[in-house]
Structures are given as structure tokens and as C-alpha cells.
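This report walks through the helices of one model and a few of their residues. Look at the structure first, then read on.

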Amino acid sequence: MLQETSLTFRGITLHEPVTVITDLLVTAVCWYAFWQLKGQKPGRLNNLFRAYFFTMGLATAYGGIIGHGFIVQLGFVWKVPGWVISMFSVALLERAAIFHAQPLMQPKIGRFFAVLNLVELFSLITVALITLNFFFVEAHAAYGLLVVVASFELYIYRQTKAEGSRLMLIAVAIAALAALVHLSELSLHRWFNHLDLSHIIMAISSWFFYRSARRILQQPITSKL
């Protein structure tokens, strides 16, 4: 069971302070990536990658400060905006993977997956809002990364041996490890619990997502159709 930790300064209590810090570490990596990609090749893929990093940084900042640091004062329902932002963020990365693969697919297939991306996103957001159950946020992230992003980037890598796709697969694998730590509640100490450890791993994963995005933008794939 998670043991609550808190710090109080001048009457203000910050709950789970280490979790707040490790969430903000993920934010820092994501917003660094968002800023650095500004100078990369402009276009739809760049916009999607930058939007992903910005929104994921926003989601982790919100989740750390509101969803953990001040949640006792604010109440559970204040977690929900962070959930929705994170779901939009994962959907943006899915969309980037779909558009990255489009030169290797028939146009109709690419359009089908682009539409499915939106249907899946809004369906699961609706369910999460109705149930207020974080499971559906986790399910969306698992589907988005392990099924959509990993599948498209594996397909690209098998076709082209693109380094960007290889890095993306590494990033997804590291993100899966973070999820496994979170689900297993593997804690090293009450002041460094499974949430904190999973956030550290998420920050590493975010760095690999950034490296992947840079390489994809520097070495775009060409159509083989």
C-alpha cells in the first residue's frame, strides 16, 4: 500500500513531493524536446511531434502539481483534466506514427487509420469521463503506444531500416517498462515509490522519443508504392 508523504511550509502542505519533482522531470524533457524541434524540418510531422511533447509536458506538470501535490486540498475530480490532456498527447504520437508510415501505404489505408485514431481517442475519453476510472487512461496509452505506434514504426523499420523507427521502438519499450513498474507498485522507499521510479523511466523514454523524432524529421522516408 502506498504510504503518503508530505511537506508543510508556512501552512501550505505539498503531498507526495518526490512524485511532483519526478513528474516535472518528465515535463522538462518533453518541453526541451518541444523547443529543440522548432528548428527542424517544418511540416505536418514536425507539428505533430511538437504538439505531442508540449501536451505530454503539460499533462505531467498538471499531474504532478495538481494531481499529486495539491490533490488532497482540491479533490479527486481535479485529476481528470490531466487525464484528458495525456490522452490527447498519446493520440498525437499515434497520429505522427500513422503519417510517418503513409508513404509506404495505400492512401485509403492511411486515411482509415487516421480516422480510427480520432474515433478511438474520443471513445475512450468519453468512457473515462463517465466512469472516472484511470484504467481507461492506461488502456488508451497501452493501445496507443504498444499497438499503434509500435506496429507502424516496426513496419517502417522492416521496410526501410530507418534509424528513427528503431529509436521509436526503443522509446516504446522503455515506456512499457515504466508502465510495468507502475502497475507492479515496485517501490524502493516510501519517499521514492513506484510512481517516482516510473516517472524516472518515463523521462528516459521521453528522451528517446525526442531522439527518434529528430532522426525521423532529418531522414524522411520516401514512397515505395
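Burial is set by relative accessible area: buried is under 20%, exposed is over 50%, and partly exposed lies in between (1.4 Å probe, protein chains only). The model is predicted, so local features need pLDDT of at least 70 and side-chain atom pairs pLDDT 80 or more, while totals for chains, interfaces and linings use all residues. Residues are numbered from 1 along each chain as its sequence is written, and side-chain values use heavy atoms, with hydrogens and water left out.

**Positive phi**

Leu132 is partly exposed, with a relative accessible area of 36%. Its place is the loop between helix 5 (107–131) and helix 6 (135–160). Helices here are DSSP runs of H or I with at least four residues, strands are runs of E with at least two, and both are numbered from the N terminus. Phi of Leu132 is near 50°, a positive value in a residue other than glycine.

Glu16 also has a positive phi, near 45°. Glu16 sits in the loop between strand 2 (12–15) and helix 1. Glu16 is buried, at 13% relative accessible area.

**Helix 1 against helix 8**

The axes of helix 1 (residues 17–36) and helix 8 (residues 194–218) come within 8 Å and cross at roughly 5°. Axes are lines fitted to C-alpha atoms, for helices over the stretch in contact, and angles run from 0 to 180 degrees between N-to-C directions. Angles under 35 degrees count as roughly parallel, over 145 as roughly antiparallel, 65 to 115 as roughly perpendicular, and the rest as oblique. Helix 1 and helix 8 are therefore roughly parallel to each other.

Contact means heavy atoms within 4.5 Å. On helix 1, the contact residues include Val18, Thr22, Val26, Val29 and Ala33. On helix 8, they include Leu195, His199, Met202, Ser206 and Tyr210. By class, this contact has 13 nonpolar, five polar and two charged residues. Ala, Val, Leu, Ile, Met, Phe, Trp, Tyr, Cys and Pro count as nonpolar; Asp, Glu, Lys and Arg count as charged; the others, Gly among them, count as polar.

Helix 1 has buried residues as well, including Pro17, Thr19, Asp23, Thr27 and Cys30.

**Helix spans**

The expected span of a helix is 1.5 Å times one less than its number of residues. Two helices can be set against this rule.

| Helix | Residues in helix | First to last C-alpha | Expected span |
|---|---|---|---|
| Helix 1 | 20 residues | 28 Å | 28 Å |
| Helix 7 | 22 residues | 32 Å | 32 Å |

Which elements cover the buried residues of helix 7? They include helix 2 (44–69), helix 4 (80–101), helix 6 and helix 8. Among the buried residues of helix 7 are Gly164, Leu167, Ala171, Ile174 and Val181.

A salt bridge is a side-chain nitrogen of Lys or Arg within 4 Å of a carboxyl oxygen of Asp or Glu. By this rule the count comes to one. Arg166 pairs with Glu163, with the closest N and O atoms 2.6 Å apart. The two are three residues apart in helix 7, so about one helical turn separates Arg166 and Glu163. An α-helix has 3.6 residues a turn, so residues three or four places apart point the same way. Both partners are partly exposed: Arg166 at 33% relative accessible area and Glu163 at 23%.

Tyr157 is found in helix 6. Tyr157 is partly exposed, at 24% relative accessible area. Leaving out residues up to four places away in sequence, Tyr157 touches Ala162, Ser165 and Arg166. Tyr157 and Leu169 are 12 residues apart in sequence and 9.2 Å apart, C-alpha to C-alpha.

Gly67 lies in helix 2 and is buried at 4% relative accessibility. Not counting residues up to four places away in sequence, Gly67 touches Tyr62 and Lys79.

Ser86 belongs to helix 4. Ser86 is buried, with a relative accessible area of 16%. With residues up to four places away in sequence not counted, Ser86 touches Met56, Ala59 and Val137.
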